[in-house]
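Subject: Handing over the structure

Dear colleague,

Please find the structure below, together with its sequence. I would be glad if you could read my notes with the model open beside them.

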Amino acid sequence: MNFIVELRNVADAEPYKVGRKAFRLGVISCRGIRVPKALCVTQDAYETYARSTGLIERISLELGRKELKDIRWEELWDASLRIRGMFLNTAMPSSLVKKIREPIEEMFGDRKVAVRSSATDDDSPVSSFSGLHESYLPVQGIYSILDHIRLVWASLWSDTALLGRKESGLGLGQGTMAVIIQEFMAGRVSGVVFGRHPSHEDQAVIEAMDGHNQMYADGIVEPARWIIDRMTGRVLAQEDAVRSRLMTPGASGLHLEKPSSGMTRDSPLSGEEVQAVYRLALKIEEVFGTPHDVEWTFCGAELYALQSRPTPVMYIRERDDMRNWYGSMSRSFEDLKQLKIWLEGELIPEMIETAASFSRTDLASLTNDELSGEILDRTATYQAWERAYWNYFIPFAHGMRLFGRVYNDTVRPPDPYEFMDLLRPSDLLSIERNKRLEYLAEQVRQSPALADALRCGRDTLDFPCFNNEIKSFIDTFGDLSCNSPASNRWDESVKGFVLKLAFKSNAAGQPSIDSMEDLEEYYLSFFPEQRKPFARELLHLARSSYRLRDDDNIYLGRMRSHLKASLGEARRRLAGRFPQLDDTDIPRALRDPAFNPVQEEQPSEEDMAYRFRLSARQLIGHPAGSGIASGTARVVREGNDLAEFNAGEIVVCDALYPDMTFIMPLASGIIECRGGMLIHGAIIAREYGLPCVTGVAGALAFIKSGDRVTVDGYLGIITISDP
Amino acid sequence: MDFNTKEVKVIDPQQITLQLKALFSSQGLAVVSTNDHGQPYSNLVAFASSEDLRFLVFATTRSTRKFSNIEEDHRVSILIDNRTNHASDFHEAMAVTATGAADEVLGPEKDALLKAYISKHPHLEDFVMSPTCALMRLKVDRYYVVSRFQHVLVLSMKE
């Protein structure tokens, strides 16, 4: 097997062995186009590594846990993180190192290089697959190069690559990867020429910026742009960029700097240089017979092609989508910092105020018409916030992911979720609420008379202190019934829960506390001095992301509660006319006394009958909280189910929302249908040290309250005992 | 309030039965386990299934240990799987364990099951038609269906 091919020989190799990117670079190099010196580590090297270390099968097992259609993107991200962890912690066999090390050292010595992916399924003309995999630059020294080859291999399994394969209907387990080791070009000006305009076939586009291209790829700065007539080569339009920063290579990666005064001229390219870049695109088009998008850089006066790919057939209409050329669906660090400012400074306060304004309305005093209007208003407002939640808050969760990735790449821990220990804040609203509940439970433990009153359902007027605490708790956190219509009295659910908490037999949980300072120091010790500020800033961002992931749900939950309260009031008024009514029919039913909604017929039991009865003995999900627990299942579908929750039970739900997590101190395990390590169930499980399995697709279908279940949080397995 | 519980899609039992039929027709051999005086005892046999999946059949001479074991204790389990003996089996293979009570098929019920058996294993016609050979039938109570390494569903026969 040939593990290394020099670029000048790549054109003679099978494209499959070297990947399309390397193959094209080899071809254009042979046709006289200037490209950086390079070697290609063939896909044989990847295959040898992945097979001899058993990684191929470990990956298949990881991705084969569920049917592809049942895997959510969050689960794909988790799978990708775990797979990346496997690559980080699996060394190359020494026989392979021996074969590739010498030619790399011989060609590059201690010079800086770019380590680029060259996947065999990358960049085909009809695919939107381009740029799904990763490149690293600048990299220096043989050990670092070997290390980054593994990281590029791991990117074959990045979340964007997996998502791309899922959406294009390919099997997740498909793919192989070659790697290009390319001399690093510290360009004076860099950019991309799009051989054909995304929406105008007769035009080409050049984008350029001072310094290195990576800032462009990350979308950190806007490039200058030229629109060119493909027929004549004439510049049709030019947009200058505002350049306040530029990216330059440093000792440990690329750094943002302020440009020198000489660099603040209006255009990073002269007219002649624009034409040279355009001619480069034409020349490459001539070689391959189809327009190409080419990443280029000027080193001094010399123009280099760094990589190229055919302009996609199915193109991209929006300007922003062009960044998909670089394939990152992830938000950059800079982007997330801006998002944080906006979320914390504007959206969250607005959310709180909206919820507060709802609470000021006395629903009982409204006429039916007014109540109808109030419900419509609350529904529209809630839906708008729900959209905002999906559009802005969920993407901000990428802050945690970005941190997790940097942490794992830098620290290389055996547990790919170790980074979450650093994110545990002390001021989560849900944690604060649970501390207050524990305080109330302690009062009950200390006072047998109070406990007795609660057990017998007597009022607690003789315990004014306790009563005031309960009232204050409800004012702050709600009544724990999650506004279920059947909750009888505002304080009963809290008192009932506090009694259970006071005398729970198991000691499931108080959040575990490690020394945060030690953890921080350990994390920072892996960064060189000049990278420590970045490491701190990223940690800060990730903590905000972690906290908001919890708090935003609480705030959204408050709004949902207010909406439900208005619907509850309406149902109470309409109970005589309509025993059952859909939420959407309620506003009209309030306004129109003659309204009579048609009830759909339910399919009869008989239609659903089969000759077989299907049950589950064992279900697979994702291990999200280590440990093992056996207990009685409590299926939670609505707020009322929470009131039934008993100490030692295992909560089974579609998704664990923050306003449900007060039951955690009573629970002995968590089973969630929704998958992901950064969802609430997983976060809270880690917080309380509870065994947790997420992404159990059939949990609600197969598990009933009262079933005896075992949660294996190490392996992600749920076992349901025979009844 | 409800917790946005989505419509839960229960896996269709019909879908599982189709998977079982496909597995049974793709495999010729199965492992039969019987009770040999308290000691589990396993054998490889050529098997077939009835169209409605209620029965699995196999043939054995009456002098075998498994035959006498079944005469003593009708409780039997049969394992059918599509392993290839590669590591990929752990995420690709399917294994089904059928449990129930087994006995020799005699009388009018025998014709249809014999036909199904010979049609699947024509080379065993002489063997199964021998007077010394018994056509055994497992009346299935349950199928334990294992896929994806650890995913275990149970298909129980309704009475």
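This is a predicted model: local features need pLDDT of at least 70, side-chain atom pairs count only at pLDDT 80 or more; totals for chains, interfaces and linings use all residues.

In chain A the mean pLDDT is 80, and 83% of the residues reach 70 or more, while chain B has a mean pLDDT of 89, with 92% of its residues at 70 or more. Some stretches call for caution. In chain A, pLDDT stays under 50 over residues 124-130, although the model gives that stretch 21 contacts beyond four places in sequence. Residues 603-609 of chain A also have a pLDDT below 50, and there the model shows 1 contact beyond near neighbours in sequence. In chain B, the stretch with pLDDT under 50 covers residues 4-9, for which the model has 13 contacts beyond four places in sequence.

Turning to the overall build of chain A, you will find 23 helices and 21 strands, and of its 723 residues 57% count as buried. Among the contacts in this chain between residues at least 6 apart in sequence, 68% join residues that are at least 24 apart. The chain exposes about 31000 Å², of which carbon and sulfur atoms supply 50%.

In soluble globular proteins, nonpolar side chains tend to be buried together. In this model the largest nonpolar core has 102 residues, and the members that touch the most others are A:Phe403, A:Phe419, A:Leu437, A:Val444, A:Tyr523, A:Val651 and A:Met664. Helix α19 of chain A, residues 532-574, gives the most to this core, with 14 residues. Another core, of 49 residues, lies apart from it, and its members include A:Val709 as well as B:Ile70, B:Ala134 and B:Met157.

Where does chain A touch chain B around A:Ile620? This residue belongs to strand β14, residues 612-620 of chain A, and it counts as buried because its relative accessible area is 9%, under the 20% cut-off. Leaving aside residues up to four places away in sequence, A:Ile620 touches B:Arg148, B:Gln150 and B:His151 in chain B, and A:Arg65, A:Gly695, A:Val696 and A:Gly716 in chain A. The C-alpha atoms of A:Ile620 and A:Leu715 are separated by 8.6 Å, although the two residues are 95 apart along the chain.

A:Ser80 sits in helix α5, residues 73-88, and is buried, with 9% relative accessibility; its side chain reaches the backbone nitrogen of A:Asp159 at 3.1 Å. Beyond four places in sequence, A:Ser80 touches A:Trp157, A:Ser158, A:Asp159 and A:Leu162. A:Thr710, for its part, lies in strand β20, residues 708-712, and its side chain makes a polar contact of 2.8 Å with the side chain of A:Ser630. The residues that A:Thr710 touches, again beyond four places in sequence, include A:Ile628, A:Ala629, A:Ile717, A:Ile718 and A:Thr719.

A:Cys40 is buried, with a relative accessible area of 1%, whereas A:Cys456 counts as partly exposed, at 49% relative accessibility. A search of the whole structure finds 0 disulfides over all chains.

Finally, there are some backbone details. The peptide bond from A:Leu137 to A:Pro138 is cis, with omega near -10°, and A:Pro138 lies in strand β4, residues 135-140 of chain A. In chain B, B:Leu53 has a phi near 70°, a positive value in a residue other than glycine; it is found in the loop between β2 (39-49) and β3 (55-61) and is buried, with a relative accessible area of 1%. B:Phe149, also not a glycine, has a positive phi of about 75°. B:Phe149 lies in the loop between β6 (133-147) and β7 (151-157) of chain B, and is partly exposed, with a relative accessible area of 41%.

With best wishes

Note on methods. Residues are numbered from 1 along each chain as its sequence is written. Chains are lettered from A and ligands numbered from 1 in the order in which they are written. Side-chain values use heavy atoms; hydrogens and water are left out. Helices (H or I, at least four residues) and strands (E, at least two) are DSSP runs, numbered from the N terminus. Buried means under 20% relative accessible area, exposed over 50%, partly exposed in between (1.4 Å probe, protein chains only). Contact means heavy atoms within 4.5 Å. Accessible areas come from the Shrake-Rupley method with a 1.4 Å probe; for residues, only the protein chains shown count as cover. A polar contact is a pair of N or O atoms within 3.5 Å; within protein, one must be able to donate a hydrogen and the other to accept it, and residues adjacent in sequence count only if both atoms are side-chain atoms. A disulfide is a pair of cysteine sulfur atoms within 2.5 Å. pLDDT is the predictor's confidence in each residue, from 0 to 100. A nonpolar core is a set of buried Ala, Val, Leu, Ile, Met, Phe, Trp, Tyr and Cys residues joined through side-chain atoms within 4.5 Å.
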